Amino acid sequence: MIGNRRHFTAAVVGSAALVTVLSGCAGGTTTSPAPSSATPTTSAAAATTTAAAAGTFTEAQVQQLCSDMEAELQNWRTVTPTLGKGALNLLIGSWASQNGINLIDLASHRDRVDTAMAATCPEIRDGALYALEIPDLASGMVGF
């Protein structure tokens, strides 16, 4: 029980941090992507970077998100939807960071996550919607 409480406390704190970061960055506008100090050296890394810049996710990225979300569904069913939404935001933020996805762009186009999961793993998406009591995943994402 204590381990679960720590997990969800961390999720809430992480979600609050994500909201703060997204809120602080949302004010500016730009027509060009932020410069990158790292240059991908492999074709797989280049494909991932290109896909992220184009506003799409690779199949591997979506599969990872489906897998990560499936692992959390039982937790989300046993806590309040408010705590579950915090955990959803933490999960998506971590997933995006691990995959080099621009969080500001993702926040501006949060429906992309919902669309990708509906196409790749609709049963996991539906389980999350039920557990979190939301009509779509975009509705559960913060900073908007």
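The structure is a predicted model, in which local features need pLDDT of at least 70, side-chain atom pairs count only at pLDDT 80 or more, and totals for chains, interfaces and linings use all residues. Residues are numbered from 1 along each chain as its sequence is written, and side-chain values use heavy atoms, with hydrogens and water left out.

Confidence was examined by element. The mean pLDDT of the protein (the predictor's confidence in each residue, from 0 to 100) is 74, and 60% of the residues score at least 70. Among the elements (DSSP runs numbered from the N terminus, helices being H or I of at least four residues and strands E of at least two), helix H7 has the highest mean pLDDT, 97. Helix H2 (residues 43-53) has the lowest, 42. Over residues 15-54, pLDDT stays under 50. The model has 23 contacts (heavy atoms within 4.5 Å) beyond four places in sequence for that stretch. Residues 5-13 also stay under 50, with nine such contacts.

Helix H3 packs against H4, H6 and H7. Axes are lines fitted to C-alpha atoms, for helices over the stretch in contact, and angles run from 0 to 180 degrees between N-to-C directions. The axes of H3 and H4 come within 11 Å and cross at roughly 155°. The two helices are therefore roughly antiparallel. H3 passes H4 in a right-handed crossing (the near helix is turned clockwise from the far one by less than a right angle; anticlockwise is left-handed). H3 contributes Gln61, Gln64, Leu65, Asp68, Met69, Glu72 and Trp76 to the contact. From H4 come Gly84, Ala87, Leu88, Leu91, Ile92, Trp95 and Gln98. By class, this contact has eight nonpolar, four polar and two charged residues (Ala, Val, Leu, Ile, Met, Phe, Trp, Tyr, Cys and Pro are nonpolar, Asp, Glu, Lys and Arg charged, and the others, Gly among them, polar).

H3 (residues 59-78) and H7 (residues 122-132) pack at about 30°, with axes 9 Å apart. That angle makes H3 roughly parallel to H7. The crossing is left-handed. Residues in the contact include Trp76 and Arg77 of H3 and Ala131 and Leu132 of H7. Eight of the contact residues are nonpolar, one is polar and two are charged.

H3 meets H6 (residues 111-120) at about 85°, with axes 10 Å apart. These helices are therefore roughly perpendicular. Among the contact residues are Val62 and Cys66 of H3 and Val113 and Met117 of H6. The contact divides into seven nonpolar, two polar and one charged.

One aromatic pair was found (Phe, Tyr or Trp rings, the six-membered one for Trp, with centres within 6.5 Å; planes under 30 degrees apart are stacked, over 60 edge-to-face and the rest tilted). Phe57 and Trp95 have ring centres 5.1 Å apart and planes at 70°, so the pair is edge-to-face. Phe57 lies in the loop between H2 and H3 and Trp95 in H4 (residues 81-98), so the pair ties together parts 38 residues apart in sequence.

Notes:
Parallel < 35°, antiparallel > 145°, perpendicular 65-115°, else oblique.
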